[in-house]
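Open your viewer and get your selection tool ready. We will take a short walk through this fold, one stop at a time.

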Amino acid sequence: MPRTLRPHARRLVRTTLRAAVTVGLATALVACSAASAEEAVVGESGRTVLRYDGSVGQVTFPELAADLGYYEKVELEWVGDSTGGPQSIQAAATGSTDFGGAFNGAIVKLKASGSPITSVISYYGSDELSYGGFYTLEGSPLTEPKDLIGKSIGVNTLGAQSEFVIREWLTRGGLTADEIDQVELIVVPPVNAEQVLREGQVDVVALSRVFQDKALERGGITPLFSELSLFGDFSYGTYIFRDEYIAQNPEVVEDFVQGTARAIRWSQVTPVEEVRARFTSIIEGRGRGETTDLVPYWKSASITAPGGVIVEEEISTWIDWLVREGELEEGQFSPEDIYTNDDNPYANGTYPQDAGPDGEPVEVSP
């Protein structure tokens, strides 16, 4: 890739969640149009249509829920593919879609900007099998946080999870705010991240999922740190709805959450090869001109809480972080202001937390 990547760099301290702030501004500008979107649309099936963004070559948990027949009142309508969390929650906040998902830190910031949204279920995270890491070239002298002063890191999106995780690692490593300000973030599409690192255009690059696995297969790169090394098993992102939509369509949101939770649970307790086969069938059957090349790299749901139940720490961590960084005022929000588990069957008593997708006992998880 050309060196023109570097002019797009941003100093880490100046870009934290700027994308989420933009979402809040956009929400205010289109408040009237979003309000009109709260009225549920009923499809030919008699079910309520929920518009959403998908992901190329991958199956989202709502798509899996629909394929497994877990929705009773919801019908999904794919409107396009998301380029990342900030774009997804912007679409949901402005009424272009009915729900969206992003990193929880970005969602907290979006809420703080005045956008009336609520997180309803976790949908991705890190576990022992699925996590993101930050890599240097083999033999690089960069081995600890202080070594990154004046260096560059390639990330897929500004104002999202990688930015938070990087800053957390640098802070834990003892760097001051001024020193962290000297670490340069460069936007690099995930598909090009490995190449950009190998060509020396960045000093460190964020890699996850299939891109991480393929890069490791080719060798020549060294892990610097990972999400797992910082937080262990941890869910990072949630799906949101606009509060007014929830208020006007509570049964629809409840059905979405219960169905999506059961789909997540299905993927948590079903053998990996069976999950991959289901994903392949879904992708091949939906007619979007995609390949199934990414499916063999799917390893786990990446969420350890049964059915995507939101754990308070997964929200409070980022509230505390933003307060510490001066992005939020102390006491401005509590986790309960951001999320709810009320509709999740693994949290509200409908199913035991160790049950399967239909509430049945589960003896062995793969």
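Which residue takes a positive phi just after helix 4? Select Gly 69: its phi is about 80 degrees. Keep in mind on this tour that you are looking at a predicted model.

Now step back into helix 4 itself, residues 61-68. This helix is mostly covered, with 6 of its 8 residues buried. To see them, select Phe 61, Pro 62, Glu 63, Leu 64, Ala 65 and Leu 68.

For the next stop, select Ile 246, which sits in helix 12 (residues 243-248). Is Ile 246 buried or partly exposed? Ile 246 counts as partly exposed because its relative accessibility is 22%, and the buried class requires a value under 20%. Show its contacts beyond the neighbours within four places in sequence: Thr 118, Val 120, Phe 241 and Val 253. Then draw a C-alpha to C-alpha distance from Ile 246 to Glu 38; they are 208 residues apart in sequence, yet 8.4 Å apart in space.

Finish at Phe 164, in helix 7 (residues 161-172). Phe 164 has 0% relative accessibility, so this residue counts as buried.

How values were computed
Residues numbered from 1 in each chain as written. Predicted model: local features only at pLDDT ≥ 70, side-chain atom pairs only at ≥ 80, totals over all residues. Heavy atoms only, no water. Helix = DSSP H or I, 4+ residues; strand = E, 2+ residues; numbered from the N terminus. Buried < 20%, exposed > 50% of the residue type's maximum accessible area, 1.4 Å probe, protein only. Contact = heavy atoms within 4.5 Å.
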